[in-house]
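The entries follow the order in which I looked things up.

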Amino acid sequence: MADEVTLLNFWASPFGMRVKIALAEKEVKYEYSEQDLMNGKSDLLLQMNPVYKKIPVLVHRGKPVCESLIIVQYIDDVWRDKAPLLPSDPHERAQSMFWADFIDKKINDLSRKIWTTKGEELEAAKKGFFELKLLEGELGEKPYFGGETLGYVDIAFLPFCCGFSTYETIGNFSIEAQCPKIIAWAKRCLQKESVAKSLAEPGKLHELVLEMRKSLGFD
């Protein structure tokens, strides 16, 4: 039976970008369904994710899988014959899941605060954002968080790099000055076609963020 794969997504979602990178790494062909979240949620999205009503959703053979990190694990389990994303060793696997969870709980939250706050809240978010140094420590001298090949933690973190230039503009700071290894890692990853074609264009993302800040009365 041929695989029937559809991705429900919004182009600017870092969580959807994770799924796109994973599918590209596995060379899985799929149908892309852009969800116009600015004008409500489609019947298809509500049907496929009735609990959270959020993107991304991967629909495989008619069955939905929700939540980006769970989807990436699912992709790794289903298409096992190419580009493993999670380590087979149980401890290494657990560590990968730990750092992906750290990215979701820390980096995602602080990134959002940088572009949705101002004043003291923004300054606090900027200070906290440099917990990126913990990720630098985990990366060490490896080319990728996954070691010699792109892996689960790389995929979890990479989409947030699209917004680095925007965070720097809004917060008036330099990520490269504080975390040079992270910037070098991001540039290395962007040399991979699977990554470059899956991430949002930073300029377009920047325009969207500025529009949203304006709607919040910040700029």
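I looked up Val5 and found that its bridge partner in strand 3 is His60. Strand 1 (residues 5-9) and strand 3 run antiparallel and are joined by four bridges. I count two strands as paired if DSSP finds at least two bridges between them. Helices (H or I, at least four residues) and strands (E, at least two) are DSSP runs, numbered from the N terminus.

I note that this is a predicted model, in which local features need pLDDT of at least 70, side-chain atom pairs count only at pLDDT 80 or more, and totals for chains, interfaces and linings use all residues. Residues are numbered from 1 along each chain as its sequence is written, and side-chain values use heavy atoms, with hydrogens and water left out.

I next followed His60 into strand 4, where its bridge partner is Lys63. Strand 3 (residues 57-60) and strand 4 (residues 63-66) are antiparallel, with four bridges between them. They form a hairpin with two residues between the strands, and Arg61 in the turn has a positive phi of about 55 degrees.

I then took the sheet as a whole: four strands in the order 2-1-3-4, open, with mixed pairing. Strand 2 (31-34) and strand 4 are the edge strands, each pairing on one side only. From one strand to the next the twist averages 20 degrees.

Helix 1 (residues 14-25) packs on this sheet and touches strand 1, strand 2 and strand 3, contact meaning heavy atoms within 4.5 Å. I read about 155 degrees between the directions of helix 1 and strand 1; axes are lines fitted to C-alpha atoms, for helices over the stretch in contact, and angles run from 0 to 180 degrees between N-to-C directions.
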